[in-house]
Amino acid sequence: MLRPWKLELEIDKKLDKAVYLQIADTIITDIRSGRLKAGDALPGSRNLAQTLKINRNTVVEAYQVLINEEWVISRERKGIFVSENLPVLHEKNADALHDSKNQQVLPNGILINFDDGHPDSKIAPVTELARAYRQIFSIKAKWQMMGYGDEHGDMEFRKMISQMLNHQRGMHIHENEISITRGSQMGMFLTAQSLLSPGDIVIVEDPGYQPAWQAFQYAGAQLLFVPVDHEGISVEAVEKLLKQHRNIKALYSTPHRQYPTTVTLSLSRRLKLIELSNQYNMTIIEDDYDNEFHFGYRPILPISSFPELHNYVYIGTLSKVVAPALRIGYLATKNQELLKRIGDLRKIIDVHGDVIMEQAVLQLIKEGAIKKHIRKATVHYKNKRDFVFELLKKHMKDIADFTLPEGGLAFWIVPKVQLDWDVITALLLDRNIKIIHPKQYSQNQVNGFRLSYGALSEEQLEQSIPLIAEIFSRFVTQDKVEL
């Protein structure tokens, strides 16, 4: 079969980007530019590997990325072809993509990645944690920790978490009502598997957090999506759904700083959700994913702190406090039957958690190192937030809407016109800037993106935000002229 297309690619093994991703992104660029058209055949993996002088498996990985992202399709015994169902770019978008080749690109080929809100690992108390870990591992009684522990985690550690939740977040929780997990996502999965049955319904925010949706769907639940506005999830829509469906088992929410929009659920809506939860026996699954970093007087207390609420599961994490690689999360619930099911499931998949790491973190908490780090990190992130806000006001005030968040590690940016985000993300990648595509937040693509600043340096932010604004302004200006 004739495959006339020639890949124009110089592989740079010094780049942070994996070689297979360099290949995949080059092919995507050629599809977008029109060099590769719908139905065109790509070279066989063996031939392309020989041409590029790389391992064939690298090419296979690149093709698998393209298949997963639906840029190409695989036809048995025939090969890999550009998908016939690719969206057609608007004329102005195609022109913009063509013009992008002459635009400014970030230097040195370094990719600036706006993640979903990771902390700055450079300020993490890694040295202190390593010291505490070595001390705990080396104590004379270490043989006592070499056996299996409690499936819910070390009791002393759970007691410290309960004290933190009670003193700092206004909750009324006992250590026997807490389970330690390997990160908040594991807490979400354990909750979903232990609370839900096939056919149950879970109400979720839209836009919202897809990994949580996937945990609920994996348990066999159906999702019902409720919109979010400047006050958080619409309680009117929630009430309407509760009246229409009998088998709504739970509602998942990020009320403190809604993911991804960062808005805080208003008090009146919190109270209404509590009323609806009690009335319809609906469990509120509250994901408080970044409570610690708050720049105002104090963080909003969790819905789970209201003693009137009967059914809840509160999920938190220490990953943002210490470091993303530290996989320690927790869940809290008054429902002892549910907690037992969670413990039984935990024993099947993990037996028990990392007791030594729990003891090490506990030691840092007792020493005051964690509290000191949070104070230092809060000042660090507040200064960075203010720095970003000034950049946004300077470069984006006329082309997008945004507000100053009271905490967390991200802004929510809403362009003043509807954008084609497939084109926007491609144009940004051409400039070595990566953002999370809005389709990752919503069942219907939302017109906004999460600009996270926690893990990026001021230099990276100062380089990238003007380029993002330049791309946005081209489309916003064109739409205003057309109107």
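Helices (H or I, at least four residues) and strands (E, at least two) are taken here as DSSP runs, numbered from the N terminus. I note that this is a predicted model, in which local features need pLDDT of at least 70 and side-chain atom pairs count only at pLDDT 80 or more, while totals for chains, interfaces and linings use all residues. Residues are numbered from 1 along each chain as its sequence is written, and side-chain values use heavy atoms, with hydrogens and water left out.

**Entry 1: S184.** I looked up S184 and found it in helix α7 (residues 184-195). Buried means under 20% relative accessible area, exposed over 50%, and partly exposed in between (1.4 Å probe, protein chains only). S184 has 17% relative accessibility and therefore counts as buried. I then listed its contacts (heavy atoms within 4.5 Å). Neighbours within four places in sequence aside, S184 touches I315, G316, T317, R327 and G329.

**Entry 2: the chain as a whole.** I recorded 15 helices and 15 strands in the protein chain. Of its 483 residues, 53% are buried. Among contacts with a separation of 6 or more, 73% join residues 24 or more positions apart.

**Entry 3: nonpolar cores.** A nonpolar core is a set of buried Ala, Val, Leu, Ile, Met, Phe, Trp, Tyr and Cys residues joined through side-chain atoms within 4.5 Å. The largest has 47 residues, and I161, L165, I203, V238 and L273 touch the most other members. Helix α12 (residues 355-367) supplies the largest share of this core, 6 residues. Apart from it I found another core, of 40 residues, including W421, V423, L467 and I468.

**Entry 4: α9 against α10.** I examined helix α9 (residues 235-244) and helix α10 (residues 267-280), which pack at about 10 degrees with their axes 10 Å apart. Axes are lines fitted to C-alpha atoms, for helices over the stretch in contact, and angles run from 0 to 180 degrees between N-to-C directions. From α9, V235, V238, E239, L242 and K243 meet R269, K272, L273, L276 and Y280 of α10.

**Entry 5: β8 and β9.** Two strands pair if DSSP finds at least two bridges between them. Strand β8 (residues 248-253) pairs with β9 in the parallel sense over 4 bridges, and L251 has I284 in β9 as its bridge partner. In strand β9 (residues 283-287), 5 of 5 residues are buried. I checked both faces of β9: T283, I285 and D287 lie on one side, I284 and E286 on the other, and all are buried.

**Entry 6: the β12-β13-β15 sheet.** This open sheet of 3 strands has the order β12-β13-β15 and antiparallel pairing. β12 (400-401) and β15 (449-452) are at the edges with a single partner strand each, so one side of each lacks a neighbour in the sheet. Strand β13 (residues 410-415) is joined to β15 by 4 bridges, and I413 stands opposite F449 in β15. Helix α13 (residues 369-396) lies across β12, β13 and β15, running at about 15 degrees to β13.

**Entry 7: the β1-β2 hairpin.** Strands β1 (residues 72-75) and β2 (residues 79-82) pair in the antiparallel sense over 4 bridges. V72 has V82 in β2 as its bridge partner. The hairpin has 3 residues between its strands, and R77 in the turn has a positive phi of about 70 degrees.
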